[in-house]
Amino acid sequence: CPENAANVLFDSLVQDPVNTVRDVYKQLQWEFTPKYEQILRDHLAEDQLKRAAKKAGGGGHGMYQHSPDRFGLDKFDFTEGEFREYSEKFGLQDCKM
């Protein structure tokens, strides 16, 4: 992995965003300050309110659409193509695409 990149599993980010970001900062040898942690927690609280409002208004599951095709990628890219090694390393070969 290049020194200015970190790998993050989406499920980890969703389940424990603060500690996941803290781990990324540690991997990149960046300082994770109490001030930044509060900024992150404030953002997460605001995002949770937006999601609750959308759900209360009859919105569907999730606020954002995450799919490889949005970026011009398909299952081949993850099973045989450019991202094969990454997919194998993180067990993503069988993920729904």
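Helices (H or I, at least four residues) and strands (E, at least two) are DSSP runs, numbered from the N terminus. V21 has its place in one such run, helix α2. The model is predicted: local features need pLDDT of at least 70, side-chain atom pairs count only at pLDDT 80 or more, and totals for chains, interfaces and linings use all residues. Residues are numbered from 1 along each chain as its sequence is written, and side-chain values use heavy atoms, with hydrogens and water left out.

**View 1. The chain holds five helices and zero strands.**
From the N terminus on, its elements run α-α-α-α-α. Of its 97 residues, 15% count as buried. Buried means under 20% relative accessible area, exposed over 50%, and partly exposed in between (1.4 Å probe, protein chains only). Contact means heavy atoms within 4.5 Å. Among contacts between residues at least 6 apart in sequence, 19% join residues at least 24 apart.

**View 2. Helix α2 (residues 17-27) packs with α3 at an angle of about 140°.**
Their axes are 10 Å apart. The axes are lines fitted to C-alpha atoms, for helices over the stretch in contact, and angles run from 0 to 180 degrees between N-to-C directions. The angle makes α2 oblique to α3. Angles under 35 degrees count as roughly parallel, over 145 as roughly antiparallel, 65 to 115 as roughly perpendicular and the rest as oblique. P17, V18, V21, R22 and Y25 of α2 meet Y36, E37, L40, R41 and L44 of α3. By class, this contact has seven nonpolar, no polar and three charged residues. Ala, Val, Leu, Ile, Met, Phe, Trp, Tyr, Cys and Pro count as nonpolar, Asp, Glu, Lys and Arg as charged, and the others, Gly among them, as polar.

**View 3. V21 is buried in α2, and E37 is buried in α3.**
V21 counts as buried because its relative accessibility is 17%. Leaving aside neighbours within four places in sequence, V21 is in contact with L13, F32, Y36 and L40. The C-alpha atoms of V21 and L40 are separated by 9.0 Å, and the two residues are 19 apart along the chain. E37 is found in helix α3 (residues 34-56). At 18% relative accessibility, E37 counts as buried. With neighbours within four places again left aside, E37 is in contact with V18, R22 and F32.

**View 4. Y25, W30, F32 and Y36 form one aromatic cluster.**
The structure holds five aromatic pairs. In Y25 and F32, the ring centres are 5.5 Å apart and the planes stand at 85°, so this pair is edge-to-face. Both Y25 and F32 are buried. In Y25 and Y36, the centres are 5.2 Å apart and the planes stand at 20°, so this pair is stacked. Y25 lies in α2 and Y36 in α3, so the pair ties together parts that are 11 residues apart in sequence. Rings of Phe, Tyr and Trp (its six-membered ring) pair if their centres lie within 6.5 Å; planes under 30 degrees apart count as stacked, over 60 as edge-to-face and the rest as tilted. Y25 has a relative accessible area of 17%. Y36 is partly exposed, at 27%.

**View 5. Q29 lies in the loop between α2 and α3.**
Its phi is near 60°, a positive value in a residue other than glycine. Q29 counts as exposed, at 73% relative accessibility.
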